[in-house]
Amino acid sequence: GTVRHIGVSLYSPRKALQSLESQIFDMIQVPANMLDRRFADAQVFNLAQKKKKQVYIRSVFLQGLLLINLDKLPQHMEFARPVLVEFDRFCQKFGITRHHAALLYMKQKYPYAKIIFGAETIDQVKQNIDLWEEKLPDIIVNEVEDIFRTVDEKVIDPTKWPK
(Lines give C-alpha, C1' and ligand atoms only; values in the text may rest on other atoms or scores of the structure.)
Protein backbone atom coordinates (compact mmCIF):
# COMPACT_ATOMS: atom_id res chain seq x y z
CA GLY A 1 0.00 0.00 0.00
CA THR A 2 2.95 2.39 0.02
CA VAL A 3 3.63 2.37 -3.74
CA ARG A 4 1.26 4.46 -5.82
CA HIS A 5 2.92 4.27 -9.22
CA ILE A 6 5.35 2.00 -10.98
CA GLY A 7 7.26 3.00 -14.06
CA VAL A 8 10.00 1.82 -16.34
CA SER A 9 12.73 3.53 -18.34
CA LEU A 10 12.94 2.20 -21.88
CA TYR A 11 15.15 2.41 -24.94
CA SER A 12 13.03 0.89 -27.69
CA PRO A 13 9.56 1.71 -29.02
CA ARG A 14 8.66 -1.98 -28.98
CA LYS A 15 9.37 -2.24 -25.25
CA ALA A 16 7.50 1.02 -24.62
CA LEU A 17 4.40 -0.31 -26.37
CA GLN A 18 4.60 -3.56 -24.40
CA SER A 19 4.94 -1.62 -21.14
CA LEU A 20 1.95 0.57 -21.95
CA GLU A 21 -0.16 -2.53 -22.56
CA SER A 22 0.92 -3.96 -19.22
CA GLN A 23 -1.24 -3.53 -16.13
CA ILE A 24 1.92 -3.26 -14.03
CA PHE A 25 3.24 0.10 -15.23
CA ASP A 26 1.59 3.49 -14.75
CA MET A 27 4.35 5.47 -16.39
CA ILE A 28 7.20 5.15 -18.85
CA GLN A 29 10.34 7.14 -19.49
CA VAL A 30 11.65 7.30 -23.07
CA PRO A 31 14.26 9.25 -25.03
CA ALA A 32 12.89 11.73 -27.54
CA ASN A 33 13.96 14.98 -29.09
CA MET A 34 13.35 16.99 -32.21
CA LEU A 35 15.60 14.66 -34.23
CA ASP A 36 14.43 11.38 -32.70
CA ARG A 37 10.85 10.51 -33.44
CA ARG A 38 11.06 6.73 -33.19
CA PHE A 39 8.62 6.65 -30.26
CA ALA A 40 6.20 9.11 -31.87
CA ASP A 41 6.26 7.19 -35.15
CA ALA A 42 5.51 3.97 -33.24
CA GLN A 43 2.47 5.69 -31.68
CA VAL A 44 3.89 5.37 -28.15
CA PHE A 45 2.68 8.82 -27.09
CA ASN A 46 -0.79 8.25 -28.53
CA LEU A 47 -1.14 4.89 -26.80
CA ALA A 48 0.01 6.39 -23.49
CA GLN A 49 -2.71 9.04 -23.74
CA LYS A 50 -5.30 6.44 -24.66
CA LYS A 51 -4.28 4.24 -21.72
CA LYS A 52 -4.04 7.27 -19.41
CA LYS A 53 -0.43 6.52 -18.57
CA GLN A 54 2.19 9.18 -17.87
CA VAL A 55 5.16 9.65 -20.20
CA TYR A 56 8.45 11.17 -19.11
CA ILE A 57 10.72 12.30 -21.92
CA ARG A 58 14.47 12.29 -21.41
CA SER A 59 17.29 13.29 -23.73
CA VAL A 60 15.56 16.36 -25.17
CA PHE A 61 19.04 17.79 -25.83
CA LEU A 62 20.32 14.44 -27.12
CA GLN A 63 22.85 14.21 -24.31
CA GLY A 64 24.04 17.74 -25.12
CA LEU A 65 24.71 17.08 -28.80
CA LEU A 66 21.97 19.48 -29.89
CA LEU A 67 23.57 22.28 -27.89
CA ILE A 68 27.27 21.72 -28.63
CA ASN A 69 29.25 24.43 -30.38
CA LEU A 70 30.25 22.95 -33.75
CA ASP A 71 33.79 24.24 -33.26
CA LYS A 72 34.00 21.95 -30.22
CA LEU A 73 32.44 18.86 -31.79
CA PRO A 74 34.70 15.94 -30.84
CA GLN A 75 36.39 14.11 -33.71
CA HIS A 76 34.56 10.87 -32.88
CA MET A 77 31.22 12.70 -33.36
CA GLU A 78 31.99 14.18 -36.80
CA PHE A 79 29.40 11.88 -38.36
CA ALA A 80 26.72 14.07 -36.70
CA ARG A 81 28.02 17.35 -38.17
CA PRO A 82 25.73 17.43 -41.26
CA VAL A 83 22.60 17.11 -39.11
CA LEU A 84 23.87 19.72 -36.64
CA VAL A 85 24.67 22.12 -39.50
CA GLU A 86 21.11 21.63 -40.77
CA PHE A 87 19.83 22.26 -37.24
CA ASP A 88 21.84 25.50 -37.12
CA ARG A 89 20.36 26.60 -40.46
CA PHE A 90 16.88 25.80 -39.20
CA CYS A 91 17.40 27.87 -36.04
CA GLN A 92 18.93 30.78 -37.95
CA LYS A 93 16.01 30.78 -40.37
CA PHE A 94 13.60 31.36 -37.47
CA GLY A 95 15.90 33.51 -35.33
CA ILE A 96 15.95 31.13 -32.38
CA THR A 97 18.70 29.37 -30.49
CA ARG A 98 19.21 25.63 -30.61
CA HIS A 99 18.35 25.58 -26.91
CA HIS A 100 15.00 27.27 -27.60
CA ALA A 101 14.21 24.93 -30.47
CA ALA A 102 15.14 21.71 -28.68
CA LEU A 103 13.30 22.37 -25.42
CA LEU A 104 10.25 24.24 -26.66
CA TYR A 105 9.58 21.87 -29.55
CA MET A 106 9.27 18.96 -27.14
CA LYS A 107 7.19 20.95 -24.67
CA GLN A 108 4.72 21.99 -27.39
CA LYS A 109 4.67 18.74 -29.34
CA TYR A 110 3.93 16.61 -26.27
CA PRO A 111 2.16 18.90 -23.76
CA TYR A 112 0.85 15.95 -21.74
CA ALA A 113 4.36 14.49 -21.23
CA LYS A 114 6.78 15.46 -18.50
CA ILE A 115 10.16 16.68 -19.73
CA ILE A 116 13.32 15.67 -17.90
CA PHE A 117 16.41 17.69 -18.68
CA GLY A 118 19.94 17.47 -17.47
CA ALA A 119 22.06 20.39 -16.39
CA GLU A 120 25.63 20.84 -15.24
CA THR A 121 25.16 24.21 -13.54
CA ILE A 122 22.51 26.16 -11.64
CA ASP A 123 22.52 28.72 -14.47
CA GLN A 124 21.54 26.02 -16.96
CA VAL A 125 18.61 25.04 -14.75
CA LYS A 126 17.54 28.69 -14.55
CA GLN A 127 17.82 29.07 -18.33
CA ASN A 128 15.59 26.03 -18.86
CA ILE A 129 13.03 27.34 -16.38
CA ASP A 130 13.02 30.77 -18.06
CA LEU A 131 12.66 29.20 -21.51
CA TRP A 132 9.78 27.03 -20.32
CA GLU A 133 7.50 30.06 -20.25
CA GLU A 134 8.08 30.79 -23.95
CA LYS A 135 6.30 29.34 -26.98
CA LEU A 136 7.44 28.58 -30.50
CA PRO A 137 5.24 29.61 -33.42
CA ASP A 138 3.33 26.63 -34.81
CA ILE A 139 5.10 26.97 -38.15
CA ILE A 140 8.39 26.10 -36.46
CA VAL A 141 6.94 23.02 -34.80
CA ASN A 142 5.44 21.88 -38.10
CA GLU A 143 8.61 22.49 -40.09
CA VAL A 144 10.71 20.41 -37.69
CA GLU A 145 8.74 17.38 -38.76
CA ASP A 146 9.41 18.06 -42.44
CA ILE A 147 13.10 18.89 -42.18
CA PHE A 148 14.09 16.24 -39.66
CA ARG A 149 11.73 13.47 -40.79
CA THR A 150 14.49 10.87 -41.03
CA VAL A 151 17.76 11.14 -39.15
CA ASP A 152 20.28 8.32 -39.15
CA GLU A 153 19.90 6.16 -36.06
CA LYS A 154 23.65 6.47 -35.46
CA VAL A 155 23.04 10.16 -34.71
CA ILE A 156 19.92 9.81 -32.57
CA ASP A 157 20.91 6.75 -30.54
CA PRO A 158 23.78 7.48 -28.12
CA THR A 159 24.34 3.75 -27.60
CA LYS A 160 25.61 3.70 -31.19
CA TRP A 161 28.06 6.58 -30.71
CA PRO A 162 31.75 5.71 -30.82
CA LYS A 163 33.51 6.05 -27.49
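User: What makes a residue such as Arg81 partly exposed?

Analyst: Buried means under 20% relative accessible area and exposed means over 50%, with partly exposed in between (1.4 Å probe, protein chains only). Arg81 has a relative accessible area of 26%, so Arg81 is partly exposed. This is a predicted model, in which local features need pLDDT of at least 70 and side-chain atom pairs count only at pLDDT 80 or more, while totals for chains, interfaces and linings use all residues. Residues are numbered from 1 along each chain as its sequence is written, and side-chain values use heavy atoms, with hydrogens and water left out.

User: Why is the contact of Arg81 with Glu78 called a salt bridge?

Analyst: The term requires a side-chain nitrogen of Lys or Arg within 4 Å of a carboxyl oxygen of Asp or Glu. For Arg81 and Glu78 the N to O value is 2.8 Å, so the pair meets that rule.

User: What makes Lys93 exposed, and Glu143 buried or exposed?

Analyst: Lys93 has 55% relative accessibility and therefore counts as exposed, whereas Glu143, with a relative accessible area of 17%, is buried. The two also form a salt bridge, their closest N and O atoms being 2.5 Å apart.

User: How do you know which parts the salt bridge between Glu21 and Lys51 ties together?

Analyst: The closest N and O atoms of Glu21 and Lys51 are 3.0 Å apart.
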